[in-house]
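Biologist: I have the structure open and would like to go through it with you. Can we start with how you use your terms?

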Amino acid sequence: QFEHTTEQQLDPAKVIQVDWWKNFHDKNLDQYVQSAIKGSYDLKILLTRINSAGAMVDQKEASLYPTLDFSGSSSFEGNAQGENNQSYRSSGQLNWEFDLWGKNKRKVAATKAEQKAVKADYRAGYLKLVSDVGVAYFNIRQYDNLIKIANDYVKYQELLETIYKQQA
């Protein structure tokens, strides 16, 4: 079956559940994860890179379309005899690079691929952060259980000691 899967079926954004920790229905874990996400400078940097990559795609796509430049100027000259000269000048220019060999289209495609890579980096950073919080939380919960077991064992031993003292 794996040989017949499509690219969309293998897309990590669709395969990996980004809020997997909610399946545990643990309010404390939800709170810790949300706090880590809000406070993560790494995720903020990655999100800024996504926005920057989107702007780069827009800039590269703009090279596929014509550009129009327009400029204007005016000047005023006066002399001692009271003669005044005014002049106005304006110019416009329309440019369009015919993409015969597809150079600009390939640049756009490369920039879009780079944007996908940046989005994948964000997803990886997000999942890494959330999984690290989850692992730490479950380790702490495991140690809490071990402490409870140890305390119960101590209470049991104290009870046995009391029983032995009463028999003597």
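Modeller: Partly exposed means a relative accessible area between the limits for buried, under 20%, and exposed, over 50%. At 39%, Asp132 therefore counts as partly exposed. Keep in mind that this is a predicted model.

Biologist: What does Asp132 form a salt bridge with?

Modeller: The partner of Asp132 is Lys128, and their closest N and O atoms are 2.8 Å apart.

Biologist: And how far apart are Lys128 and Asp132 in helix α4?

Modeller: They are four residues apart in α4, so about one helical turn separates them.

Biologist: How many salt bridges does the count come to?

Modeller: Six salt bridges. Another one joins Asp152 to Lys148, with 3.2 Å between the closest N and O atoms. Asp152 and Lys148 are also in helix α4, four residues apart, so about one helical turn lies between them. Asp152 is partly exposed, at 39% relative accessibility.

Biologist: What about Lys103, which residue does it form a salt bridge with?

Modeller: With Glu97, where the closest N and O atoms are 3.7 Å apart. The cut-off is 4 Å, so that pair counts as a salt bridge.

Biologist: Are Lys103 and Glu97 buried, exposed or partly exposed?

Modeller: Lys103 is partly exposed at 39% relative accessibility, and Glu97 is partly exposed at 44%.

Biologist: Changing topic to helix packing. At what angle do α3 and α4 pack?

Modeller: About 170 degrees, for α3 at residues 41-62 and α4 at residues 103-167, with the axes 9 Å apart. Angles over 145 degrees count as roughly antiparallel, so α3 and α4 are roughly antiparallel to each other.

Biologist: Which residues of α3 and α4 meet?

Modeller: From α3 they include Leu43, Leu46, Leu47, Ile50, Ala53 and Val57, and from α4 they include Val108, Thr111, Val118, Tyr122, Tyr126 and Leu129. By class, the contact has 12 nonpolar, four polar and seven charged residues. Among the residues in this contact are Arg49, Lys60 and Glu61 of α3, and Lys107, Lys112, Lys119 and Asp121 of α4.

Biologist: And α2 against α4, what is the angle there?

Modeller: Helix α2, residues 27-39, packs on α4 at about 140 degrees, with 10 Å between the axes. The two are therefore oblique to each other. Their crossing is right-handed.

Biologist: Which residues make the contact of α2 and α4?

Modeller: On α2 they are Asn28, Leu29, Tyr32, Val33, Ala36 and Ile37; on α4 they are Tyr126, Leu129, Val130, Val133, Gly134, Tyr137 and Phe138. That contact divides into 11 nonpolar, two polar and no charged residues.

Biologist: Where is Asp26 found?

Modeller: In the loop between α1, residues 12-15, and α2.

Biologist: Is Asp26 buried or exposed?

Modeller: Buried, at 14% relative accessibility. Leaving out residues up to four places away in sequence, Asp26 touches Tyr137 and Arg141.

Biologist: Last one. Where does Phe76 lie?

Modeller: Phe76 is in strand β1, residues 67-78. This residue is exposed, with a relative accessible area of 54%.

Biologist: What is Phe76 in contact with, leaving aside its neighbours within four places in sequence?

Modeller: Asn84, Asn85 and Gln86. Phe76 and Gln86 are 10 residues apart along the chain, and their C-alpha atoms are separated by 4.6 Å.

Definitions and conventions:
Residues numbered from 1 in each chain as written. Predicted model: local features only at pLDDT ≥ 70, side-chain atom pairs only at ≥ 80, totals over all residues. Heavy atoms only, no water. Axes fitted to C-alpha atoms, helices over the stretch in contact; angles between N-to-C directions. Parallel < 35°, antiparallel > 145°, perpendicular 65-115°, else oblique. Contact = heavy atoms within 4.5 Å. Nonpolar A, V, L, I, M, F, W, Y, C, P; charged D, E, K, R; others polar. Salt bridge = Lys/Arg side-chain N within 4 Å of Asp/Glu carboxyl O. Buried < 20%, exposed > 50% of the residue type's maximum accessible area, 1.4 Å probe, protein only. Left-handed = near helix turned anticlockwise from the far one by under 90°.
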